[in-house]
Number of protein chains: 4
Amino acid sequence: MLSFSCDYMEGAHPAILRRLADINLDKNTGYGLDPYCEQARQLIREACGRDDAQVHFLVGGTQTNTVVIDAMLRHNEGILAATTGHINVHEAGAIEACGHKVIGMPSQLGKVDIDALEQHMALATAEFNAVGWEHYVIPRALYISLPTELGTLYTLAELRRLRDICDKYNLFLFVDGARLGYGLAAPACDVTLRDLAQLADVFYFGGTKVGALFGEAVVVLNKEIRLTRGLIKHRGAMLAKGWLLGVQFATLMTDGLYWDIARNAVNQALRLRQAMIDKGYQLYIDSPTNQQFFVIDNDRLAVLQQSVGVDIIEPVDATHTIIRLCTSWATTDEQIDHLISFL
Amino acid sequence: MLSFSCDYMEGAHPAILRRLADINLDKNTGYGLDPYCEQARQLIREACGRDDAQVHFLVGGTQTNTVVIDAMLRHNEGILAATTGHINVHEAGAIEACGHKVIGMPSQLGKVDIDALEQHMALATAEFNAVGWEHYVIPRALYISLPTELGTLYTLAELRRLRDICDKYNLFLFVDGARLGYGLAAPACDVTLRDLAQLADVFYFGGTKVGALFGEAVVVLNKEIRLTRGLIKHRGAMLAKGWLLGVQFATLMTDGLYWDIARNAVNQALRLRQAMIDKGYQLYIDSPTNQQFFVIDNDRLAVLQQSVGVDIIEPVDATHTIIRLCTSWATTDEQIDHLISFL
Amino acid sequence: MLSFSCDYMEGAHPAILRRLADINLDKNTGYGLDPYCEQARQLIREACGRDDAQVHFLVGGTQTNTVVIDAMLRHNEGILAATTGHINVHEAGAIEACGHKVIGMPSQLGKVDIDALEQHMALATAEFNAVGWEHYVIPRALYISLPTELGTLYTLAELRRLRDICDKYNLFLFVDGARLGYGLAAPACDVTLRDLAQLADVFYFGGTKVGALFGEAVVVLNKEIRLTRGLIKHRGAMLAKGWLLGVQFATLMTDGLYWDIARNAVNQALRLRQAMIDKGYQLYIDSPTNQQFFVIDNDRLAVLQQSVGVDIIEPVDATHTIIRLCTSWATTDEQIDHLISFL
Amino acid sequence: MLSFSCDYMEGAHPAILRRLADINLDKNTGYGLDPYCEQARQLIREACGRDDAQVHFLVGGTQTNTVVIDAMLRHNEGILAATTGHINVHEAGAIEACGHKVIGMPSQLGKVDIDALEQHMALATAEFNAVGWEHYVIPRALYISLPTELGTLYTLAELRRLRDICDKYNLFLFVDGARLGYGLAAPACDVTLRDLAQLADVFYFGGTKVGALFGEAVVVLNKEIRLTRGLIKHRGAMLAKGWLLGVQFATLMTDGLYWDIARNAVNQALRLRQAMIDKGYQLYIDSPTNQQFFVIDNDRLAVLQQSVGVDIIEPVDATHTIIRLCTSWATTDEQIDHLISFL
C-alpha cells in the first residue's frame, strides 16, 4: 500500500546496496578503521570545508544524540533544547541514562524561541551568581534540530543569533541532522553546509532517513568536545563491521548523491503540499521540507487511510485531526501522482 | 546580626545536643542498627498510624530525594514534578545522575497545577498508546513538596485528587517533607500526619530544617518501593554513626517536640507577616507557613538589610524586589520584636 | 591477502544480501514491529523448543551484553564473570556505565572455574550474612560465553552444575552467544540448543560473527528479567529499520542455514588445526571451535605474516608468540588449502 | 560492655561537642561557606605545606571515595585498587553507580603488590597499543588506603615507587585516609603528612574514625582533578549545615589534636598487641596501627566474647578464627587494662 507515514520505511539507495554486495566477501578491518570509513571522513571534511573536523560514524539517532551529549557534558552540566526537541520527548530517557539533564526551552513550531532562550540564560546566570552555581544544572550545550521534528528550518540569521548566545554563555551548539539533507537541500533554506560547519560545534548527517540502511555521521568541529573512540565503545555504539557505515557514507557523499536524493524528497513533498492545498486541505504547519502537516476532517481521513498510510499526530477537535505525510529519498513521481489521485 | 534568610542557620534543638552529649562515649552499633534508630522508627510508625511503614534515616535533602526516586523508578521511567519543584531546579542534576528524568509540570505558587497534570497524563497516555510506549519516558511517580518551596500548602481535597490521579495512572506519590513540620503544624493546614500517611506512597520528615543538626526520616508506605539498605549504601547515603540520626529523631518525636517547635516557627512567621502587612509591606505570596515572601521597595530593602539578613529572590522591576524571610524552630519572640522594630 | 585474524571480516551470507535487496524498496514498519522480525522470533522459539521465550534483536555485542545485564540487575547487584570474560575486559566499561559491577572469578582457558565459583558464593554468602548484605555488591547473575573468548566449550555436565549453583544462590544464568553457532555446531559439543534453552535464563545467537551483516538475537527465558522495548530504546539500542535484523535472522534460521555455515567454519578450523599440528606447530589451547591458538616461533611467524593475516595475542618469551587463527562462515576449502601451502 | 569491634563506636572528641554547643544558636551560612570551614581549610593547607591545595569537607567514606573518583575519571577510564581495597569490596557498587570500573590488582596484607601493578601496567599498555585503546577500560587512577583496611602501612619508599608508576602511566594517585591519623601517627610510619601532600594527587583526612562525629576532609593537590562544589552537590554530598564539618575539622587541626588522639589510639593498640602476644595469642597480621588481627582458638574466643566485643573476620579452620580488635581516639588505659584482665 502507498504510505507516507514516515521517512525511513525503505532500505537503502540501490547504489549503496550494490557497493555493499561488491565488497561483501572482501576481508575488512573492523571498528571503523577501514579505508571506506577513511574515504568517507575525507569526503565529509571536504564538503564541510573543515579539514580539522573529526568524523565518527554511528548507527542510529538516539545513540548519536546520547554519545554526542555525553561527550559535551560533565557531571552537573545540562543541555538546553526545545521542549518539543527529540532529546526531550522521544529518547525514552537515553540522555538522562547518561546522567544529563535536558533543560526544556519554550519553542515555536519545533524551533527554540530565541528570545526566550536569551532571557532564560540571562536570568539563570544572575540567579546562579546570586545563589551559587553549585545548586543548579549548568547549561553547557544547546541542542537544535535542522530541520526540526516539525519540518521547520532555522534561517542563517537565526543560527548566527544562536551562535552568539552560545559564545556569550559558553554553550556548545549541537545540531541534530537526522534529516540534514532534507533541510539543507530545501529551496527555502538559506543555510549552506559550510555555514553550518562554521557555526555549529558538532552536528551530524543523518543517513538512516536519507538513503542509507542505517548510520549517522557525526562531525565534531570544536576540539574541546572529547568525542573519542573509547566513549563510542563505552556507550555500546561501536559497530564491529564499521566499514558498512564507511561504504554507505562514501557512496552518499560521492558526486552529490546525498544532496540529489534529499532534493528529490523535498521536491516531491512540495508537489504533495501544493496538491493538498489545491484540493482544499488545510496546512497545520507551513513546512518547507520533506515532512508536511495538515489538519484534516476525520471523514476525509478515514477515506484517505483506505488507500494511503499516514502518520496521525493528534486530534484537533472532535471532527479534525492533525496528520503528517513524509516523503523520502525513495519517493517517486508515480507515488505522488498516485496519492494525488486519492485526494 | 539578626537574620531570617533561611531556616537552617542554627544547629540543633538543645534537647538533641544534650542527648548526644549524654551518650557520646557509649559504644554504639553502626549503620542505623542501634536501639535509638529502632526507637525513632517505632515512634514514627506510631505517629503515622502505620505499623507497616518502613522508616530509613538519611543525612540531607538532595540525598533523600535521590535515593527515594532511585528506589521508585526503573530505566525508562520518570518522575513528574512542578517546574518549580526542588528536584527540577535545585539539585544540580542529582536525580539525572541516577539516570532518571524529571518531567516538569505547570505549577502555581509552587503547587503542581492539578488540572494540567490530569490533562498531561491523559494526553500522554493516548500518545504512548498510539506511537508505542517504548519511545517515551514513562511517568511512574509524582513529586510534590509539603509545604512547597514557596511556602504554600496543598489542601486535603487536593491531596486526595492527586492520589486519585496517581491511582488512575499507576504513579507513586512522593511527598518531599523537608519542611514537613512547618506545613502540618500550620493553623491553615487541613492535612494531618495520618492523612498523609494514608495518601502518600512515600514521604519524609525533614530534620535539617526542623530542629535537627541534620537528617531526614523517610517513611515508605508502599511495599512496591524497594528502598533497601543496600540502595542507601550504593548511593553513598549510609551514615556510619547512624545512631546520630536515631537519637535526633527519637528526641524530636518524643512528647511532640517536632510539632511544638514547628508550631513556634509558624506562629513567629505569622506574627512577622502581620507586622509587615501592618507596616505597609506587600505580600508576594500569601504563605501560611514559615517562609514569607514580600515585594519590597529597593530603598526600603537597603535600609532593612543594614540590620536584618533577608533572602533576595529576584527583582520585580527597576525599583522593587521579591524577598523571603524565614523563621525556624529557633526563632524567638525577641527576634521578631527586634525585626519589627526595624520595619 | 589471506587473513584469519578474526571472524567478522566479511559482510553477510549471500542469501541475506539477496533477501535485503529483494525487499529494499518495500515500505516497512520500523522498530522491530515488522513481519520479518515476527517470523524470525517464531523460528527462534521453535528451534529452542520454548514457545514462551521473548526474542529481541539488537545490533552488536557490547550493546547486547549491556542491555541484558541492565535488565537483570538493580542498584547494588552485580554480575559474576570469568576474569577473562568479554564483559570484564573488552567492553570499555560499558557495563559499569550502566552502574553495574562485574565481579571477576578465577577461570581456566576462558571458562569460569566452577569450584572456585561455588566456593566464592559460599564464602560471600557467609560474609554477607555476618556483616550485612548492604555493604556489598550482591551477585545476582552469572555471565558465561559459549564458546568462550578462547574457543573452549562448557560440557552439558558443567552447564548443569552452573545451573544448580545459580538456583542455589538466586543467580540468573546469562550465556553470551556471540559465537553460539561455532560452539553448538562443533562436533565436540555435547550441548544442544534445546539444552541451552532449558538451562539458561537468557542467551543470544550471535549474528555479526555468524553470517549476518550485524545483529544479535536475544532469547529471554525467565520472566523475571524485564528486558523491555523501553529499556532497549533507553539504552540507544533500538534500530529504526528493525526489519533489517528480522530479515537476517529469518534467513539464518530457515532450513538450518545458521548451523550449516557455523559447521563449515568449525570444520575448516579443525582442518587448519590438523595441518598446523602436522607441520609441527604447537597448540596453545586445545580448542574444538572456530578459533585456534598456537605458540609459534617468531621467525616462523614473520614468514607466515608475509602471506597470511593472523591475530597476535601476546609474547610467550623472547622467541615465541601466541597467535590466533579464526575461520568463519565465509572460509572456503581453497583458503585453508592456501594457508596450508604457506605453513 | 567492653568492645573493640570497630573504631567508630563513639561520638566525637569532647572538645568538638563543646565547640558545637558553643555556637549552636549562632546564625551560620550554609553549604560550607562559613568561617569555620575556611579556618579548617587554612589549617589543613598549612599542615600539608601546600597553600595551593583545595580542601572540601564531606560526610562519609563511601561518599568521599565516590566523589573523588568521579572527579578523576571520565567515561571509559577506571581506577586500579587492591582486590581487598574498600572501593572494590565494601562500597555496595557506589563507584560503579557513577559509571566507573574498579580494576582489581593483586595485593598482600591489604597493600597493592607494586611489582604486579607495574607488570600489569606494562602489559596492559602493550595490549592497548596493539589492539586499540578504545576496547578497554583505561586505568587513570590508583587507589590506595593509608593505613590499609588490614592495618598495614606503605613505606615512604613504596609510596615513591607508586608515584613513579603513576607518573609513568599517567595515573592520579588517590590515598584513602579514612584512618589517616592512625597511620601517620604510628611510630612505625616513616611517611609524614608533608610527604603525602607531595606524593598524592588527592587524599583525605578521615574524621569519622578519628575523633569527629562524622566527616572527611578531602585535599586536592592536582589541579587537573575537577572536584567542584557542583559535583559535590550533584552527588548528593553537600551538607546544608556545612559549618558542622568546619567546626569539627578546625577543632581537630588545632594544636595537633588530630595527631594526639590518633597517637593515643595506636599506643593503646600496641599495648593491647603486646599483652595478647604475652598471653600466647597468635598475630594474624603484624599491624603497626590501631587495628590488630589475631588467630584465636574458638574455645578461647567464646570465653573472651562473654566480656569483650570483637570483630569476627573469618574462620581459619574448624577450631580457629581470625578476629580484629580496634582501638580508637576514645580508648582509655582502663579499657586496655580491663581487656588484659580477660585474656
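Good morning. In this structure, 100% of the interface residues of chain C are also interface residues in chain A, so the copies meet through the same surface. Contact here means that the C-beta atoms of two residues, placed from the backbone, lie within 7 Å. Before I continue, please note that this is a predicted model, in which local features need pLDDT of at least 70, side-chain atom pairs count only at pLDDT 80 or more, and totals for chains, interfaces and linings use all residues. Residues are numbered from 1 along each chain as its sequence is written, while chains are lettered from A and ligands numbered from 1 in the order in which they are written.

I return to chains A and C. Their contact draws 39 residues from chain C and 39 residues from chain A. On the side of chain C that touches chain A, the elements giving two or more residues are helix 1 (14-22), helix 3 (61-72), helix 5 (94-97) and helix 10 (229-234) of chain C. Helices (H or I, at least four residues) and strands (E, at least two) are DSSP runs, numbered from the N terminus. By class, this side of chain C holds 20 nonpolar, 14 polar and 5 charged residues. Ala, Val, Leu, Ile, Met, Phe, Trp, Tyr, Cys and Pro count as nonpolar, Asp, Glu, Lys and Arg as charged, and the others, Gly among them, as polar.

How is chain C superposed on chain A? A rotation of 180° with 0.0 Å of shift along its axis does so, with an RMSD of 0.0 Å. That is the relation of a two-fold axis.

Finally, I turn to a pair of strands within chain A. Strand 14 (residues 311-317) of chain A and strand 15 (residues 320-326) of chain A run antiparallel and are joined by 5 bridges; strands pair if DSSP finds at least two bridges between them. The two strands form a hairpin, with 2 residues between them. Within this pairing, Glu314(A) stands opposite Ile322(A) of strand 15 of chain A. Thank you.

Technical notes: Copies are superposed by least squares on the C-alpha atoms of residues with pLDDT of at least 70 in both.
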